[in-house]
Amino acid sequence: MSLGRTTHMKLRSEGVTWQEIDGELVILDLKTSAYLTTNAAGTTLAKLLTEERSLDELADALVDAFDIDRPQALADADAFVEQLSAKSLLAPID
């Protein structure tokens, strides 16, 4: 389910909690007990996704934070968003 690069998304806030430990996050869905752990890149993306963001914005943040090339940043951001979506951790955006 690859989202378009300009489609906006954000983390669900209701029924979700997260804890940062040594630069990594554990995101927990309180309703389903599903969880996702992140690395440093995922932590960066998750923090950005507390507000509506596009895939392009997420990729830009990875390029800036980790000095990786744009195609890799897009692939990484897309993979992270896919994981969030698979665990129903994204909020619907109208």
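Buried, in this talk, means under 20% relative accessible area; exposed means over 50%, and partly exposed is in between, with a 1.4 Å probe and protein chains only. By that rule Leu25 is buried, because its relative accessible area is 2%.

What you see is a predicted model, in which local features need pLDDT of at least 70 and side-chain atom pairs count only at pLDDT 80 or more, while totals for chains, interfaces and linings use all residues. Residues are numbered from 1 along each chain as its sequence is written, and side-chain values use heavy atoms, with hydrogens and water left out.

Now the overall layout. The protein has three helices and five strands. These are DSSP runs numbered from the N terminus: helices are H or I with at least four residues, strands are E with at least two. Starting at the N terminus, the order of elements is β-β-β-β-α-β-α-α.

On overall dimensions, a compact globule of 94 residues would have a radius of gyration near 12 Å, and the protein agrees, because its own value is 12 Å. That radius is taken over C-alpha atoms, and the globule rule is 2.2 Å times the number of residues to the power 0.38. Along the principal axes, the C-alpha atoms fill a box of roughly 35 × 35 × 20 Å.

Of the 94 residues, 33% count as buried. The accessible surface is about 5500 Å², and 49% of this belongs to carbon and sulfur atoms. Those areas come from the Shrake-Rupley method with a 1.4 Å probe, and for residues only the protein chains shown count as cover.

Contact here means heavy atoms within 4.5 Å. Among contacts with a separation of 6 or more, 52% are between residues 24 or more positions apart.

Next, the interior. In soluble globular proteins, nonpolar side chains tend to be buried together. A nonpolar core is a set of buried Ala, Val, Leu, Ile, Met, Phe, Trp, Tyr and Cys residues joined through side-chain atoms within 4.5 Å. The largest one in this model has 21 residues, and those with the most contacts inside it are Met9, Ile27, Leu49, Leu58, Phe80, Leu84 and Leu89. At least two residues of this core come from each of β3 (24-29), α1 (40-48), α2 (55-66) and α3 (70-86). The largest share, six residues, is supplied by α3.

Which residues does Ile27 contact, leaving aside neighbours within four places in sequence? They are Val16, Thr17, Trp18, Ala34, Tyr35, Leu36, Thr38, Ala46, Leu84 and Leu89.

Leu58 is in helix α2. It counts as buried because its relative accessibility is 0%. Not counting residues up to four places away in sequence, Leu58 touches Met9, Leu45, Leu48, Leu49, Arg53, Ala77 and Val81. One of these, Leu48, is ten residues from Leu58 along the chain, and their C-alpha atoms are separated by 7.5 Å.

Back to Leu25, which is in strand β3. With neighbours within four places left aside, Leu25 is in contact with Trp18, Gln19, Glu20, Leu36, Thr37, Thr38, Thr43 and Ala46. Leu25 and Thr44 are 19 residues apart in sequence and 9.4 Å apart in space, C-alpha to C-alpha.

Now the loops. Glu14 lies in the loop between β1 (8-9) and β2. Is Glu14 buried or exposed? It counts as exposed, because its relative accessibility is 59%. Glu14 and Ser88 are 74 residues apart in sequence and 12 Å apart in space, C-alpha to C-alpha.

Asp22 sits in the loop between β2 (16-21) and β3. Its phi is positive, about 50 degrees, although Asp22 is not a glycine. Asp22 is exposed, with a relative accessible area of 77%.

Asp67 is in the loop between α2 and α3. Its phi is near 50 degrees, a positive value in a residue other than glycine. Asp67 is exposed at 71% relative accessible area.

Asp69 is found in the loop between α2 and α3. At 48% relative accessibility, Asp69 counts as partly exposed. Asp69 and Ala59 are ten residues apart in sequence, with 9.4 Å between their C-alpha atoms.

Last, charge. The protein has 8 positive and 17 negative side chains, and the centres of the two sets lie 5 Å apart. Lys and Arg count as positive and Asp and Glu as negative, while His and the chain ends are not counted. Each charge is placed at NZ of Lys, CZ of Arg, CG of Asp or CD of Glu.
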